[in-house]
Structure formats: C-alpha cells, structure tokens
Amino acid sequence: MKSTIRDVAKYANVSISTVSRVMNAPDSVVEEKRMKVLEAIEALQYQPNGFARGLIYKKSDTLGVMIPDIENPYYAGLIRGMQDAAVMLNHSLMICNTDRDKKRTIAYVQNFFEKQVDGIIFASDSLHEEYYEEMQRYRLPFVLASTNAPEYDIPSVDIDDEQAAYEAVKYLLESGHRQIGMVSFPLGDTISGMPRCAGYKKALQEFGIMSDEADIEFAVHRFEHAYDAAERLLSRNREYTAIFAASDEFAMGVISYLRDHGKSVPGDISVIGFDNIRMAQMFIPKLTTIDQPTYDIGYRSVQKLHELITTGKVAELREKLPHQLIVRESTKST
C-alpha cells in the first residue's frame, strides 16, 4: 500500500502538521525535525496526494484548458506555449476538447471546479453568456486565449483579426489583383468570421472596389468545408485572380480544389491564408499567410492567468500581440 502522511509522521515521531510544513515551508521547521521527516519520506517512498493537498490549501497548481477542436493544427502551437509557461510557473494543464458543444463546455466547467483547478483558459471560441455565467457561478478565474469578449471585463490575449485580414487583402491589391474572392468562417463566428470578413471588405473599399456578397463563400471549420466552399465560389465564373482564405487549413482546401480542377497556384490564381501553422511552409506551394504568434498567445495566456490567480487582477486586460504578413510561394503579382 502507498504510504500516507500519517505513516511518515509516525516513522519520524513528529506530528502530521510538522510533516506538512516540511513539504510546503521547510524553513519553518528546525533542522533536526526536518531531517527526520526527509529520512522518513525517503524510507517510505512517500508521495504527497496532490488532490488531498489541494483540498487543504485550496490550491492544486492545475489549470484547466478548453479548446474547440484538438484535431485542428492551429492549436499545436497554442498548447505548446501554454505548456512551456505552465512548467515555468509550476502548473500542470488539464486539456479538454469542447467540439464547440455548449452542454459539453458547461460540463467541463463543472468538472474543473470539482477537480479543484486554480483557473481556466478558454481558447479560440465565442464566450457565450452561458459559459460566462457558469464560470462566475463557480468563481473560477479565467482568461481568454486567441479570442475576446468585449462585453465582459475578462482578461484576453489575441491579435487584431480585422487589421490582419485587411493587411492580407491589401497585399493582394498592391500586387495588382482586383478580382479577389474570400472563403470565410461564418459571420456568426465573432472571433474569426466577422472581423476577418470586415478586414477583407475594408481593403477592397480602400481601393475603390465595391465588395459583393457573391464573392464570399463560407466554410465551417475544416479543410473539406473549404474545398466545398471553393467549388461554390468558383462555379460563379467571376474570373478571380486571387482568393483570401480565413485560415491556412481553408487555404489548403481551396488550393486542393483548384488543383483537382486544372488550375495552378499561383499561376492561375493566387491564394493567401491566415495563421501560419507549421504546415504552411511544408505545403506545396508554400503558403503566403498572416502569422499569428500562437505560441506567444498560449504562453501569455498562462502568465496572465497566473497573475490573476496570485494577485486578483491583471496589468493589461485586453492584450493584442503583433501579427505579420509572411510572403511565400502561393501568391504572385499580376
């Protein structure tokens, strides 16, 4: 059987509270007793029960993370940044995949509370009122990563999606393109859909081009959805010279459709993506894209949550990290 703290106290002939102090505040225990406890821990191979310790000290050093789609390659960099920051700050992560399902998301919040997590990172999805109310009900500190909720005073780390999309389309316009289509997330997606579509329209307007709803097609989340959206968009015979895709996975779906139908990229049509996931530079052609600093967003979100947990506030409520246009092989000038 596993040794308990009671066994250690008996072996060292000290109180249970002395053993606890040795593990959590060793300098508060005189050396003689401290050495006895350490020898007992070694002899009995005692390992503290983290959950029990969390119940005692109201602190588990565990952070809950909710992401919408663990299969999406975008989240690899985000989670890696979170993990590295968590290690630096002596936290562990508990990662849950919500599938953007409201019932599942609310159930995860309840599970996090039961498991005594110190706080939650809610990543890359809209913060619905039900989620906010549930986390407020359990009084769980939380931070938004790669998303925002301007209607609530919740700390967040993301980029300016509208400005980034504007710069992507402006680059195409400055390269001579005038017939530019878009494969967008649904406009009901207030994180990646509406602002990126607004950036697309803003760039066209700046160059005196009236945006036409027929030049925008919508995909839900994945490669195959973008492939189908490209088919609908290209079936309108509007002689596009470029397409702005609202994610790199969408860009790959668009390029695959074009190739399957005898079009070359960028020979016939230029395609620009968004995110700069790791595969963007492995894909053929290598993607021109907007670089989101996903690793930094993940890292800063853990730092911000740690700050909120330890001090009760954050220095910067809504933090915007810089994005960058990365020009590769999937675009050319006309």
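## Terms and basis

A residue is called buried when its relative accessible area is under 20%, exposed when that area is over 50%, and partly exposed in between, with a 1.4 Å probe and protein chains only. The model is predicted, and local features need pLDDT of at least 70, side-chain atom pairs count only at pLDDT 80 or more, while totals for chains, interfaces and linings use all residues. Residues are numbered from 1 along each chain as its sequence is written, and side-chain values use heavy atoms, with hydrogens and water left out.

## Salt bridges

Side chains of opposite charge can pair when their charged atoms come close. With a salt bridge taken as a side-chain nitrogen of Lys or Arg within 4 Å of a carboxyl oxygen of Asp or Glu, the count comes to 17 salt bridges. One of them joins K102 to E130, with the closest N and O atoms 3.2 Å apart. Because K102 belongs to helix α6 (residues 102-114) and E130 to helix α7 (residues 129-137), this pair ties together parts that are 28 residues apart in sequence; helices here are DSSP runs of H or I with at least four residues, strands are runs of E with at least two, and both are numbered from the N terminus. K102 is partly exposed at 37% relative accessibility, and E130 is partly exposed at 33%.

A salt bridge also forms between the side chains of E213 and K201, at 3.0 Å from N to O. E213 sits in the loop between α9 (194-206) and β7 (216-218), whereas K201 lies in helix α9, 12 residues apart. E213 has a relative accessible area of 47% and is partly exposed, as is K201 at 24%.

E319 and R300 meet through their side chains in a salt bridge of 2.8 Å, N to O. Since E319 is in strand β11 (residues 318-320) and R300 in helix α12 (residues 294-311), the pair ties together parts that are 19 residues apart in sequence. E319 counts as buried at 8% relative accessibility, whereas R300 is partly exposed at 24%.

## Packing of two helices

Helix α1 (residues 5-12) packs against helix α2 (residues 16-24) at an angle of about 105°, and their axes are 8 Å apart.

How values were computed. Axes fitted to C-alpha atoms, helices over the stretch in contact; angles between N-to-C directions.
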